[in-house]
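Here is a friendly walk through the sheets and cores of this model. Keep the viewer open as you read.

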Amino acid sequence: MITLLKKEFKLNPFFIKPNKKNWLSFLLAIILIVGLVVIETFLFNSLYDKFDAYEGASFSFSVLFLIIVALISLIISIFYVQRIFFNRLDMSLTINKPIDYMKIIISKLIYCLIINYVFAAVINFPILYSIVPKVAMQTLLGFATIFYPLFLSLLNIGISLIISIPIQYIYRLLKQYPIVQLIIVALGLSFACYLYSLVLNLFVDLMNNNSMQILFSSENLALINDLAHNFYPYSYLCVSYLNFSHGVDFIIYLVISLIALAIGVSLIALFYVKVNQFEFVKEHNNKYQYHILKSDRAIIKKEFLLLFKENDTTYSFTSLIILQPVLTFLVINAINVALLRGNLAIYITIMPYLLNNFDLLMALLFSSVISLNAVNIYKSELKTIRVMKYIPYSMYKHVYIKLLIPFICSLFATIITFIVLVSTSLIGLDTFFMGLLLSIIIIFSLMVLSLKEQLRSSKFEKANSYLSNFLSFFIPLIICGVNILLASLLGWLNIYTYLFDLIIVFILLGYVIYYLIRKFKNDVLGLEVVN
Amino acid sequence: MEQEELKNQNNDKKIAIKIENLNKSYGKKHVLNDLNLEVYEGELFGYVGKNGVGKSTTIDCLIGAKKFDSGHIYINGFDILKEPFKAKKQFGYVSSEPTTYEMMTGYEYLQFIGSVYNMSDDAYQNNLKYLSNKLDLPDADLKRIIATYSHGMKQKLCLIASLIANPKVWIMDEPTVGLDIMVFETLKEMMVEFKKHQKTIFITSHNIDLVAKICDRVALVNNGRIEKVIDLNKDPDKRYQLNKIFLDMYKRSEEKEKNDDYIA
């Protein structure tokens, strides 16, 4: 059992000891988590103080906030329960070994509970410990806080296990319908964008110390109170935790959690093998699949299929480029509102170039980070490098097509993004033209750099593009940082700072063109399969 | 002496695969050491050896999937480095692990392979019909996404893909892994039929019985070199002794290594 549990931890990339190559990703992940926790705690405490002015509202608000955090933790647990229990390779490697079948399931369950506990503790402790000084029975509450994530995890894992089986069936059914898959992902991301803009606006209001009278209307306060007390079964836990007189609620919660966990484990025990071996079968009657194409067209078609029909890219690159205009618009709009409203507006009056450069930064960041996801030969062609190598087609041309197709897709998404931004007057014409030019050069350069890193990896299987990933953040930051510095120190007009930006990206482009002309062919021909 | 004799006898035969002084290393480890080999047109050639002696590396170099440090590889006279497209058009290849684009349907994958080999539509349709019937991969299966195939079905698809462009040389690396007995028998038939058309087959397999039964000549590989080439047509008794020859060779080699280590 311990060995099985160790195996689960070893499979988690987060528990792999950081080395020279992945320390940057590790550090970024830590910074991201800490940043999210800080924002969450800031939101909670700021709102708590405002709710405290109304009778009983702070209690309902605290319960509701804990419920929202519990739901976020549930969504995360649904994702990794899927990943841990429905890993076909893992199942095929363990199921034929002389290991008790239930031990495999129990070890995975314990692992899920530990991970959920840690995650729930990280996102709940800062809130819980900021509640402790504000309520009665502080010592007891402080002690009980240690166990709060554990009780939360019992229910979260129980629910995740119960719904994991239908989710797997739906997921496998959707694999047969890439367009439906794309629509669902796009809708999901749009909803996430909407939620994000809501939270951002709330955050901005708090930063500006607005009174937010609308939020504290009597109807809204009643709604918050209702939700907090009737969002079962989470209400039972959160209410009983903040008010020890509701002991019965806690027992009800515990019984429901244990029943959910028991049902979940039983269902997984029954369906673990069946679901892992199951696949929906659909005949694809596409008339274009029966006849021979020109070789170039066949390669282009294959690249499009890899981008739009492969599950991994559908859920990352494809859906993101479709949503890039909306996503960028929402974020830039929220930033503009934040900077032009309330206390922060004063800075814009003094430093008008700040607004332009923040908008430019966001537009460049979105286009560079999203586009870089697409040039991932080692992920999309890991095994099929062999096919690329043995077919009688120029490897050089093949890799060029592999680079150009995602570049063209990203180019379209970026052009549409900038048109949306300029047509909604979020950015001016000067930012539009320069931003678009900078974006196109950065996207192309980073894609080539990423390709270079992958081609030069000694072991292609472990290839990664750390430098290009780092540059996708760093270049937009350096461009906008230098712009702000130049404008504030020298009082340069935007047009001159943009010229400076062009020098930076043309240096990058120059290097990339030199690489493509002088070294690219050798790197492509040197690409080997890994046995 | 034995190999010299064979060389003289085979002087008049046309060479389909020629490997000259092939060297390949992974870092400091030499996997192929001056490997030389000639496979003749119309021959069914077995390339056998225990794990890790360089069989798959030889095939990877042969098909252009791996660079090599030095040496030359010719397929039907075309140098794999200097004329890669012409050389690659000569052969069809099957790997030990079915390697396909899993998000494609069976038809899409075969269309892709047929297209990159610049086949005519008529030839493609005829070959597709013949091969899918022969290997029992019906229309309904070919319309499905490859990710939903079983291992055996994927291997059948790879076998079809390897022959769809009507190659002159058929290179197979452990092709029988995961095949059921029916397909296994069909594959044997197909190899014999392929050979009848004066075409060449180069096969590696751990299934010594299969190699002994169908191959004309067999090369035994050890430490990145050809230790022995046996003409099974000339000496049919060796078909029944191949297992023993194989085991004896490695036993001797291991003993020699132990002695060398001891002396060192």
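## A pairing at the edge of a sheet

Let's begin with one residue pair: Tyr74(B) has Asp79(B) in β5(B) as its bridge partner. This is a predicted model. The strands concerned are β4 (residues 70–75) of chain B and β5(B), which run antiparallel and are joined by 2 bridges.

Zooming out, these strands belong to an open sheet of 4 strands in chain B, ordered β2-β1-β4-β5 with antiparallel pairing.

## The six-stranded sheet

Chain B also has an open sheet of 6 strands, this one with mixed pairing and the order β6-β7-β8-β3-β9-β10. Its edge strands are β6 (91–94) and β10 (225–231) of chain B, each pairing on one side only. On average, and with direction ignored, neighbouring strands of this sheet are turned by 15° against each other.

At the β10(B) end, 6 bridges link that strand to β9 (residues 217–222) of chain B, and the two run antiparallel. Here Val218(B) stands opposite Ile230(B) in β10(B).

Helix α8 (residues 181–196) of chain B lies across β3 (44–48), β7 and β8 (200–204) of chain B, running at about 145° to β8(B).

## The nonpolar cores

Which residues touch the most other members of the largest nonpolar core? Of its 132 residues, they are Tyr109(B), Leu157(B), Ile160(B), Ile164(B), Ile171(B), Phe202(B) and Val218(B). Helix α18 (residues 429–455) of chain A gives the most to this core, with 12 residues.

Leaving aside its neighbours within four places in sequence, Ile160(B) is in contact with Leu110(B), Leu131(B), Ser132(B), Leu135(B) and Leu137(B). There is also a second, separate core of 49 residues, with Leu128(A), Leu161(A), Tyr234(A) and Tyr253(A) among them. As general background, nonpolar side chains tend to be buried together in soluble globular proteins.

Methods
Residues numbered from 1 in each chain as written. Chains lettered and ligands numbered in written order. Predicted model: local features only at pLDDT ≥ 70, side-chain atom pairs only at ≥ 80, totals over all residues. Core = buried A, V, L, I, M, F, W, Y, C linked by C-beta atoms within 7 Å. Buried ≥ 20, exposed ≤ 12 C-beta atoms within 10 Å, placed from the backbone. Contact = placed C-beta atoms within 7 Å. Pairing = 2+ DSSP bridges. Axes fitted to C-alpha atoms, helices over the stretch in contact; angles between N-to-C directions.
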